[in-house]
Structures are given as structure tokens and as C-alpha cells.
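Q: Hello! I would like to learn how to read the charged side chains in a protein model. Could we go through it together?

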Amino acid sequence: IAEVGCAQACLALLENPDLASQRLAIAGDVSRAEARVKTLELRLNSESDVAAQLMVAHEILADLREQERLRDEEIKALTVASPADGTVIVPPARPLPVDDARDLPAWVGTPLDPENRGCYLERGTLVCLIGDPKHHEAVVLVDETDVPSVRVGQTVRMRLEHATHQILTGSVVEIAEINADSAPAELIAQHDVAVRTAGPAASKPIRTLYQVRVALDPGDTPLLVGARGMVR
């Protein structure tokens, strides 16, 4: 269950009923283990065979407290906080799958959409992005045959699909030293990148591609996170 804007530094507050139930059960086990230790400690001076039982009871209590600590960390992680100052930027939307209409996703769009409040978010879901909306970067996939012609500081011209009337400019700030192992889902869905479709290497580009990071110059054109375009 996602709720956006729950506190100053909190972006989303998630709830996991199963995790809360587990934490409650472990708390009860800890209380019983603590009572067991106290009882054995009271009997220690009068019964010689209690020492071994007390040692085992302490080990059980330590293990339960460690489980309790781990559950507390998992519960704490359900509060999604901003790692830095900035503006909340909508993440790329999850499209409705078209391959099999019978297998509908839990949600479509983005976790920030009002209709998705209360939905189930899988582990690793991108809730939002934090950054400066006036400064954007583009990740460009470059074929290995063209990489020798690319250099840091080189001027870049880009045209996005949602803003074909305007040419964006920028400059190369980084060139990947290793080839890209996988292509973005947006490019795969639109068949802009040829990938393997079977086996353990599925979704891996057939040709060797390199990632080039481009810093775009400030402009008035609204830019969408995850937008696609052509670069020269």
C-alpha cells in the first residue's frame, strides 16, 4: 500500500501486513524467552543442573532478539525517504502489457498515480526520482563501431519523440568503459534495439553497445523521464 507525502523527508509509506504479523509474533517469543531466562536465573543457586539450561535459554533469546532486529530493519525500510534534496520527478510509466491480456499486472502507470494508491508494489519498484527538473541527462546507446568517434566534451544534438519540433543540445560527459549488458525496456518494446529473446542471455543486445552519458543544456521544452529520441 503506497501513500505519498507522509512526512517531510518521507516520499512513500508502505505497509506489509505479513511483516507486521511476523514482528508481533517474534515480540511474543522474545517476551516468553526473557521470562524463561529470569526463571532459570532464580533457580540457578538452588539447582545444580540449571546452568546448562540457562546457557541454552540465553542462546535462544539472543537468536530471537536478532530476528526482532532484522524485522525492525525491514519495517523501517518500508518508509521510502529522499536520499537528497530536490524535486520529485515522475518515474517512467509501466505500460499495459499487450502480449497476454489474461495476465493483467497489479498496476499500470506510476506509483504516484492516485488510482494506484493501495496497490501492491513489488520489491525494487521505482517509486519516483529526485532531482533538478532544470537539469537533465540522457543515456545514449552507441554501437561499438561508432565509439571511437565519440569523446568527452563533444557537442550532441537530440530530438525527442514527444518534442519533434525542437532540437535539444548537450555535451558528452562520460563514455562507458564496458559494453551495455542489457538494453532499456523502452527501447526493446519499440524494437529500437535488437536483443536475444531466449535463454539466459535474453534481453541482451545482439550487437555490442556502449553507454554514453550526455548532459543536456537547460531549455524550456518539457522533458519526460524515460523519453526516447535520436541523437547525432
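A: Let us begin with exposure: buried means under 20% relative accessible area, exposed over 50%, and partly exposed in between (1.4 Å probe, protein chains only). Asp-29, at 31%, is partly exposed, while Arg-32, at 53%, is exposed. This is a predicted model, where local features need pLDDT of at least 70, side-chain atom pairs count only at pLDDT 80 or more, and totals for chains, interfaces and linings use all residues. Residues are numbered from 1 along each chain as its sequence is written, and side-chain values use heavy atoms, leaving out hydrogens and water.

Q: How many salt bridges does the structure hold?

A: Side chains of opposite charge can pair when their charged atoms come close. A salt bridge is a side-chain nitrogen of Lys or Arg within 4 Å of a carboxyl oxygen of Asp or Glu. The structure holds ten of them. One of these joins Asp-29 and Arg-32, at 2.5 Å from N to O.

Q: Which parts does the pair of Glu-68 and Arg-23 tie together?

A: Helices are DSSP runs (H or I, at least four residues; strands are E, at least two), numbered from the N terminus. Glu-68 forms a salt bridge with Arg-23, with the closest N and O atoms 3.1 Å apart. Glu-68 lies in helix α2 (residues 50-76) and Arg-23 in helix α1 (residues 17-43), so the pair ties together parts 45 residues apart in sequence.

Q: Is Glu-68 buried or exposed?

A: Glu-68 is buried, with a relative accessible area of 17%. Glu-68 also belongs to a network of salt bridges with Arg-23 and Asp-72.
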